[in-house]
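Please have the sequence and the structure before you as I speak.

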Amino acid sequence: MSKGNLTRRGVLKTGAVAGAGLVLPTYLRAQESGFTNAPTGSTVTLGFNVPQSGPYADEGADQLRAYELAVEHLNGEGDGGMMNTFSSKALQGNGILGKKVEYVTGDTQTKSDAARASAKSMIEKDGAIMITGGSSSGVAVAVQALCQEAGVIFMAGLTHSNDTTGKDKRANGFRHFFNSYMSGAALAPVLAANYGTDRKAYHLTADYNWGYTTEEAVRTSTEAMGWETVGTVLTPLTQTDFSSYITPVLQSDADVLVLNHYGGNMVNSLTNAVQFGLRDRVVNGKNFEIVVPLYSRLMAKGAGANVKGIFGSTNWHWSLQDDGSKAFVQSFGTKYGFPPSQAAHTVYCQMMLYADAVERAGSFAPCAVAEALEGFEFDGLGNGPTLYRAEDHQCFKDVLVVRGKENPTSEFDLLEVVEVTPVDQVTYAPDHPQFAGGALGTCNNGA
Amino acid sequence: MDAIILQILNGLDKGSAYALIALGLTLIFGTLGVVNFAHGALFMIGAFCAVTLSKLLTLSHTVIDETRTDFLGNPLKVEVPYVYDVFGQTTGDAIIDWAVPLSIFFAIPVMILIGVIMERGLIKHFYKRPHADQILVTFGLAIVLQEIIKYYYGANPIPTPAPEAFVGSFDFGALIGFEAGQIIYPYWRLVYFAFAAIIIGAVFAFLQFTTFGMVVRAGMADRETVGLLGINIDKRFTIMFGLAAAVAGLAGVMYTPINSPNYHMGMDFLVLSFVVVVVGGMGSLPGAVLAGFLLGILESFASMREVIDIIPGINQVVIYLVAIIILLTRPRGLMGRKGVMED
């Protein structure tokens, strides 16, 4: 047989290769429906991408609990939680657009590459139509970019860096959680009222994206009301003992230490600062103070008694007494036996907001969902009246300034809300310098 | 000047931890010839011995307090530690307060047992295998131990405070004639340094002045000849492994009030401890201690703002830079013996 002839085996081989080529990049292919992973049967699959291992595994576990609760409520099981208090009444408890909600989970490991890989797998292999989750800004930015390319909606979890809805914003990505700028804007007046306007601040900042934006936000806000920044030092993310960073503070004439740290970094740097007697110091005739811009109850637990009296900000706290918060705490607490964290709250809200937007849009198509979310005003989800701003896909709502409680009554009762900063005070222009440099682009249906 | 004294003091407690871990590492290497990457995990398990004892001491039964309510509005369930029932509230509180120092007595038998099981159960099968195999298996073991701890204790740090008596700091500056409040040093870190010095002294005394220690040292020098004299050197080496595990474990127990322990803390120390061993000289006990303190203090200096301002990022690489320089100029490390790791 000559080389140029067709053979049965050759045709089969070519056919198999061509077939495989068509099957593999499913999310890149145009589908009949016109968008990636359009649900065809009686169910719809969502992808929960949370840290199930690594340093934020406890946040991840709490987020998964909230997702499971949200799925129950969307499918009409349980007590309905915040679906009952949500101002939009589009959700009927019969799934989303009548399709039963199912889910797959991925482990971000709090690493950008692992998070992208797990999100990609959920989109391509499991047919997830929406990806949500994450407990780190690095991960959120990476997964958001992937979802934009793949043509699915990304509902960000716990991500506080300005960049997520600033220079790295994407048309397919949405954030309910607050950000560094809002923390700075909410904290500054409270700090001025409690510690005065003549203060010298020293910043220790985690050496990555979130650390930089938080330092910038807190610096700008506190300097605007008269504080002076006398030192800023970047600390490696892997640092465990901060004593050698804390002791130079003693040598400076600073009377406030701002810890732009999160997670284990925050626990250790705060513990070290208290050990070195910073809270007992008197400098420039004033008591030395410590500030932690982003608080989380799970982290406060790690730092133990060291958080007492220390100011910070948080997205939500279970002790809030509005109907939404009470309904959520009741529902979550009854199912799991303890109150939810802010990480759990924000992802539960994101689930409700996504499902509601699909119902209102009447379609799962990402661009239709994005349009329904843009400019959407709602209430009843625990943060008061909230706007999903169209220009940058950031939620604008009141911000909580909290303080470590002096006399906690239980292991959950670690923070007290000292002020609810009204949304107007934390709102900024879409082109604010701290958010400049990026563009939403156009939404991508993936088809 | 005061800044320099402060950074030296800072380096001491970090150096103490490095020295204690490196001491155990080099002891295992010197006796058994094994490169033990699970040594950091032993440090971490020691810390979790303290966490476990704290949890055991605060083990409680619930009493329902009808006058107060929990977060769901139900009557508050108040946890009353069993220790209160046995010793009364005042003594009970004191026992709970002293949980970390008390953990020493709990950790010693636990760590020796874990060390012996590790050596007999796994590591002895790798004596004759290349170092690369030993590294792989012990590193794997470290990950397994780490994940077990995470499964039971979660991923977030668990606060384990020092006894009330050691909270606060000591004004070292005032003692040596500086302005008050300029050079202060937490009491517990002083305790940690003193504790490390005692443990290091005890290990040296044990090896130097006991018959057991003499046999072990002889075995380290020439295992074969000691064996030919009819001494069961393997058994003694197993005990040494247990001892090294206990040293790492105690370093972990006492470290818990300095930084809240989490499952990953062993790995954070492991790599640096290896650098310490290599810089000190493989198999050299005084070398490990010297290098531990030296690198601890060096790391402290490198994280001073004045230094970072001149050479940004130096705080993250200084130890490795120094290690490279020392190994280039003294390939055996500071106090390494001829012939070790050179075959």
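Predicted model: local features only at pLDDT ≥ 70, side-chain atom pairs only at ≥ 80, totals over all residues.

**The core and the contact between chains**

The largest nonpolar core contains 223 residues, and those with the most contacts inside it are A:Leu257, A:Tyr348, A:Met352 and B:Leu23. This core lies between domain 1 (43-178 + 318-397) and domain 2 (181-314) of chain A, because both give residues to it. By a nonpolar core I mean a set of buried Ala, Val, Leu, Ile, Met, Phe, Trp, Tyr and Cys residues joined through C-beta atoms within 7 Å. A residue is buried if 20 or more other C-beta atoms lie within 10 Å of its own, exposed if 12 or fewer, and partly exposed in between, with C-beta atoms placed from the backbone. The domain bounds come from an automatic or database domain assignment.

Residues are numbered from 1 along each chain as its sequence is written, while chains are lettered from A and ligands numbered from 1 in the order in which they are written.

Which residues does A:Leu257 touch, leaving aside those up to four places away in sequence? They are A:Tyr202, A:Leu204, A:Val249, A:Ala273, A:Leu278 and A:Ile290. Two residues are in contact if their C-beta atoms, placed from the backbone, lie within 7 Å.

I turn to the contact between the chains. Chain A gives 36 residues to it and chain B gives 38 residues. On the side of chain A that touches chain B, the largest share, seven residues, comes from H7(A). The residues of that side of chain A divide into 15 nonpolar, 17 polar and four charged. Here Ala, Val, Leu, Ile, Met, Phe, Trp, Tyr, Cys and Pro count as nonpolar, Asp, Glu, Lys and Arg as charged, and the others, Gly among them, as polar.

Next, helix H10 (residues 323-336) of chain A. Helices (H or I, at least four residues) and strands (E, at least two) are DSSP runs, numbered from the N terminus. The buried residues of H10(A) include A:Phe328, A:Val329 and A:Phe332. Among what covers the buried residues of H10(A) are helix H2 (57-74) and helix H11 (342-361) of chain A. Just after H10(A), A:Gly337 takes a positive phi of about 90 degrees.

Finally, chain B has 15 helices and four strands. Buried residues make up 45% of its 343 residues.
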